[in-house]
Amino acid sequence: MTRIVDYELFEVPPRWLFLKLETADGTTGWGEPILEGRAATVRTAVEELLEGYLLGEAAGRIEDHWQTMYRGGFYRGGPVLMSAIAGIDQALWDIEGKRTDRSVADLLGGSTREHVPVYKKLVPERVDRIPELATDAVEAGYETLKLLTTYQTAPLESGADVDAICEHLSLARDAVGRAVDIGVDLHGHVSASMAPRVCARLAADDPAFVEEPVRPEHLRTLDRSATHDVPVAFGERLYSRWEFRPHLEAGRVDIVQPDVSHAGGITEIAKIASMAETYGARVMPSCSVGPIAHAASTQLSHHLPNAVTQPDLGEHYVDAYVDNADELRSENGRVTLPDRPGLGVDVNEAGVRDHAGTGSDWRPPVRRYDDGSFVEW
Ligand SMILES: [Mg+2]
């Protein structure tokens, strides 16, 4: 079994961190250990984990490495450490796949499907653009849309605020009909008291899911029955199976959304998905970062029996960082497994080096209400 001998980290625009892990036999694995806006912080965590535990160890002992990284420091969990573990875990699976000439989906037990539908994210800059954006996406072959309500509710919400959110979905639904799955991402923008009312009203237009009806701190408020008029999706801000467990047990979540770069990587997401399966919950892996994480999500979505859809590949910098971008891109709203071992992504190392060290210091914008008080992005 070959040993891990070296690593290199690349902070690259727009806000990503790539990890290259090398083994004694010359195999190279890639991962994305990144929490957007915290590239330098996660970079330090990755360096501590690799220097402290993994360098010199056998690359193929992925589960043992996960356990050691997670439990070895006594303090555990949280977005920074779990994102660091996530990217290292992706690189270890990539190495194992390349060394055995098998895809990660194959190593996990094989694909359960020939392709995975990807959803088209609709971010309308104006409400009156929604019908056109939805129609264009369906004509391009997408069967699932995710409508991001950029609308930010007032501190004390009114009926007009509820109306505004529901109008977004109605406009999309009227434009494309009932056969298209349309999810609504509330992005934690409404209050805990308003979320049940919004979900109950959205039900009239049959959303495929309502994402993050409340912020992660308030997930217990979803026990209010009205949210169950619609399938509830969340989890992009949860980081381990221990954080998902109480919500699955309480029946608060219908679709879990762990992010392969934030929730402990491929090893942990496979377990979160398996736990979700026992509660009849489905999986929609979140992927908010770059093409390596997207490739990891694609491997997972092909393997996991309860995966339903995943985000489409973002276009930022993909052609600069990846040589087989066309194999990662969707066609007619579907993504397929690249015919390659490991994660299936052929990283263009020269392109990554060209951009390394520039422009990764992105921060979420700080927004304010008219009175100057803070609004969540
Ligand atoms: Mg979201």
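The model is a predicted one, in which local features need pLDDT of at least 70, side-chain atom pairs count only at pLDDT 80 or more, and totals for chains, interfaces and linings use all residues. Residues are numbered from 1 along each chain as its sequence is written, and side-chain values use heavy atoms, with hydrogens and water left out.

## The magnesium site

Asp 185 (OD), Glu 211 (OE) and Glu 236 (OE) coordinate the magnesium ion at 2.0 to 2.6 Å. Donors are N, O and S atoms within 2.8 Å of the metal (3.2 Å for Na, K and Ca); water is not among the atoms, so sites may look incomplete. The spacing of the donor residues in sequence is D-x25-E-x24-E. Asp 185 lies in strand β6 (residues 181-185) and Glu 236 in the loop between β8 (232-234) and α8, so that the pair, 51 residues apart, links distant parts of the chain. Helices (H or I, at least four residues) and strands (E, at least two) are DSSP runs, numbered from the N terminus.

## Arg 241

Arg 241 is placed in helix α8 (residues 241-249). Arg 241 counts as buried because its relative accessibility is 16%. Its side chain forms a polar contact of 2.7 Å with that of Glu 268; such a contact is a pair of N or O atoms within 3.5 Å, and within protein one must be able to donate a hydrogen and the other to accept it, while residues adjacent in sequence count only if both atoms are side-chain atoms. Leaving aside residues up to four places away in sequence, Arg 241 touches Trp 66, Glu 268, Lys 271, Ile 272 and Met 275, where contact means heavy atoms within 4.5 Å.

Lys 271 also meets Glu 63 in a side-chain salt bridge (2.8 Å, N to O), defined as a side-chain nitrogen of Lys or Arg within 4 Å of a carboxyl oxygen of Asp or Glu.

## The domain interface

The protein is divided into domain 1 (4-103) and domain 2 (106-342), with bounds from an automatic or database domain assignment. In this interface, 33 residues of domain 1 contact 32 residues of domain 2. Across the interface of domain 1 and domain 2, the rule finds two salt bridges.

Conventions: Buried means under 20% relative accessible area, exposed over 50%, partly exposed in between (1.4 Å probe, protein chains only).
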